[in-house]
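Hello,

I am handing over a structure for you to look at. My notes on what turned up follow below it.

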Amino acid sequence: MTIFGAIEAGGTKFVCAVGSSDGGSLRTVTIPTRDPDATFADVEAFFRSATDLGPLAGLGIASFGPVGVDPAQPQYGHILATPKPGWEGTDMIVRARKFLDVPIGLDTDVNAAALAEIAAIGGGLRDLAYVTVGTGIGVGLVSAGRTVHGIGHPEAGHIPVRRHPAHGDFAGLCPFHGDCLEGLAAGPAVAAAWDLTPSHVPHDHPFWDVEASYLAQLCASLFLTTGPQRIVLGGGVMKQERLLPLIRTRTLELLGGYVHALRRHEDMERTIVSPACREPSGLVGAFLLAEAAAA
């Protein structure tokens, strides 16, 4: 049995595993994200402790961003202008090569999750957007079966949105843009604006309409710009199941019948969906990156 290593590197936690995309994880550990030295010391310890499972054929790193994703550029594998203290400039690949001499594949955590959702949904699906709404808001895109890269990688969590009137003069939390989508609708912004967490919101609270409005603006923008066959909404904030139907309804309203394939509520139920992966999508995607690197 061929096995691989996977690292889903997030701003809050690193999830490391040994296994494969089809067989799942044989062993997994969750490591709190601190500074790079402390975090990677624990990552190394995990992979050294897992050598009893056999040699790894490759490693996949699904990293928080922004991160360099072009192998032809000198910043490939480097964390770029992140608000995460101490991480800007960290070379994720060099750090991993200190303890694993295997082929390494790297992409963003959300691009990797999009790959995993494509594989989980199947049926010839080749175009998908994966959105995670948690500590931040990230968007991964797969077009014609390949993750989207250009001058960087998709950063749709930082697009400007129409402010909801109920947000009043809340300035937003993004250190780069203030009231961009992430600055208004990510988990920390929800806590700051309303003094509550998404898991403890009364049903009559304006949060529901505000959050659905912002995320529907994102979905409508994705449909109008990249035309995905599916938009998968994941992350901690989306664990509130009441949000999904609200987002579908608002997206339908925003599109106004302009997109022929998206004119009915049934169309939205088919195209804006929850994650299909049996394991966290980013971790499965990291296995897929490892397998591609080793091929």
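Is Ala144 buried, exposed or partly exposed? Ala144 counts as partly exposed, at 39% relative accessibility (buried means under 20% relative accessible area, exposed over 50%, and partly exposed in between, with a 1.4 Å probe and protein chains only).

Before the rest, some ground rules. This is a predicted model, where local features need pLDDT of at least 70 and side-chain atom pairs count only at pLDDT 80 or more, while totals for chains, interfaces and linings use all residues. Residues are numbered from 1 along each chain as its sequence is written, and side-chain values use heavy atoms, leaving out hydrogens and water.

Backbone first. Most residues other than glycine have a negative phi, and most peptide bonds are trans. Ala144 has a positive phi, near 55°, and is found in the loop between strands E7 (137-143) and E8 (146-147) (strands are DSSP runs of at least two residues, helices, H or I, of at least four, numbered from the N terminus). Asp195 also has a positive phi, near 60°; this residue is exposed, with a relative accessible area of 72%, and lies in the loop between helix H5 (187-194) and helix H6 (207-225). The peptide bond from Gly65 to Pro66 is cis, with omega near 0°, and Pro66 sits in the loop between strand E4 (56-63) and helix H2 (92-97).

Then there is Glu279, in the loop between strand E10 (272-273) and helix H9 (281-294). Leaving aside neighbours within four places in sequence, Glu279 is in contact (heavy atoms within 4.5 Å) with Gly24, Ser25 and Val284.

Best wishes
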